[in-house]
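Hi there,

Here is the structure I promised to pass on to you. Have a look at it first, and then read my notes below.

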Amino acid sequence: MTMEPKNVAVVGATGAVGTEMVQTLEQRNFPVKNLRLFASPNSEGKRMSFKGRDYVVEPLGEDSFEGVEIALFSAGSERSKKYGPIAARAGAVVIDNSSAFRMDPGVPLVVPEVNPHTVKNHKGIIANPNCSTIQMVVALYPLHKRARIKRIVVSTYQSVSGAGQKGINELNDQVRALYSFHSVVKKAFPHQIAFNCLPQIDVFAPDGYTNEELKMVNETRKIMEAPEILVSPTAVRVPVFHSHSESVNVEFESDLSPEEAKKIISGAPGCMLVDDPPNSVYPLALDAAGRDEVFVGRIRRDATVKHGLNLWIVSDNIRKGAALNAVQIAEILQ
Ligand SMILES: NC(=O)c1ccc[n+]([C@@H]2O[C@H](COP(=O)([O-])OP(=O)(O)OC[C@H]3O[C@@H](n4cnc5c(N)ncnc54)[C@H](OP(=O)(O)O)[C@@H]3O)[C@@H](O)[C@H]2O)c1
């Protein structure tokens, strides 16, 4: 099926996700008729390249969406809440990377490998899930279909690019400062991130979990259409530039051997099995950076429960965790 060229806008085009979004549209040869790039007034006039042509970044405004058919939003929740409905009213389908609309019952929350059928229910806005949730459900959904998941215990090791360009800059600056005996400046994270691990991503809710952890609970259930699944999360920021890693313990309703799980993952859409521990072969953040796949390895039985497995899941948070997933949704819309 040939895809009809569309007028596309990227909102937050200069950010970590927005930059990747423009590259992903180009790499996947998405049929773009006209491209508009929006960011804050600070970026007005900046030039970005798409398919060998220079495009000028424009400041975002209420009149930005005339004629736009697909609006890819990656400029934070506040901008999504304000401009998302404006873009939808102007006739665009909004694909939003922020958390603004994810849990709205009228907004599909889509991972194309898991629930592509929900795209058609949109009323102008489609939400892209949280990055750590996307990679987890891409790997777990095919296992869930075979043996039904009862409970997930997940600990994440999330890269600084999850906090956007300012997170990348902060790790860079702190490492340089420490090696040149300067003092460390903290802005993007609550503590020094260089050579450290922070068990806090986003703010704490009254129950002691962070918002990032609660997203993994609620979004997993919505995407997998399985409100009964229990999710116990701990989200940790680590001094890695790209890719999130996750240690995932899963309890199933029926038996699933590690061998069968490996076979299922090998054939699952969007997944790649990397699992040869005796030769020190397993998914690594450095190897996943810049790649599309969700990498899965260290699949082994958890002998402490009746039907349990442990897995190690790694993916590029900016790519499958954000830009690629959004562009895949746009492809379904075609
Ligand atoms: N990073 C990830 O792994 C990831 C994954 C999934 C979802 N997300 C979500 O994607 C969104 C963007 O994240 P990011 O990591 O790309 O952040 P980022 O690097 O900080 O980029 C933010 C973008 O928003 C723009 N922006 C800021 N204020 C604006 C305003 N008033 N009007 C218009 N544009 C404005 C910025 O423009 P300027 O350059 O002009 O300031 C920049 O283009 C967030 O909602 C985030 O939660 C991020």
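A term to start with: a polar contact is a pair of N or O atoms within 3.5 Å. Please also keep in mind that this model is predicted.

With that cut-off in hand, look at Ser 40: an N or O atom in the Ser 40 side chain is 2.6 Å from an oxygen atom of the ligand, so this pair counts as a polar contact. The backbone takes part as well. For Val 17, a backbone N or O atom lies 2.8 Å from an oxygen atom of the ligand, and for Gln 165 the corresponding distance, again from a backbone N or O atom to a ligand oxygen atom, is 2.9 Å. Of the 900 Å² of accessible area that the ligand has on its own, the protein covers 77%.

Where does the ligand sit? You will find the ligand in the largest pocket.

Now for the surroundings. The ligand is surrounded by 25 residues, and the closest are Thr 14, Val 17, Ser 40, Ser 43 and Ser 161. By type, this shell holds 15 polar, 9 nonpolar and 1 charged residue. Domain 1 (6-129 + 322-333) and domain 2 (133-317) each give at least three residues to the shell. Two helices, α1 (16-27) and α8 (319-333), each supply at least two.

Enjoy exploring, and write back with any questions!

Best wishes

Definitions and conventions. Residues are numbered from 1 along each chain as its sequence is written. This is a predicted model: local features need pLDDT of at least 70, side-chain atom pairs count only at pLDDT 80 or more; totals for chains, interfaces and linings use all residues. Side-chain values use heavy atoms; hydrogens and water are left out. A residue is near a molecule or strand if one of its heavy atoms lies within 4 Å of it. A polar contact is a pair of N or O atoms within 3.5 Å; within protein, one must be able to donate a hydrogen and the other to accept it, and residues adjacent in sequence count only if both atoms are side-chain atoms. Accessible areas come from the Shrake-Rupley method with a 1.4 Å probe; for residues, only the protein chains shown count as cover. On a 1 Å grid over the protein atoms alone, a cavity is a set of points where a 1.4 Å probe fits but cannot get out, and a pocket is an open set with protein on both sides within 12 Å along at least five of seven lines; lining residues have an atom within 4 Å of a point. A molecule sits in a cavity or pocket if more than half of its atoms lie within 2 Å of its grid points. Helices (H or I, at least four residues) and strands (E, at least two) are DSSP runs, numbered from the N terminus. Ala, Val, Leu, Ile, Met, Phe, Trp, Tyr, Cys and Pro count as nonpolar, Asp, Glu, Lys and Arg as charged, and the others, Gly among them, as polar. Domain bounds come from an automatic or database domain assignment.
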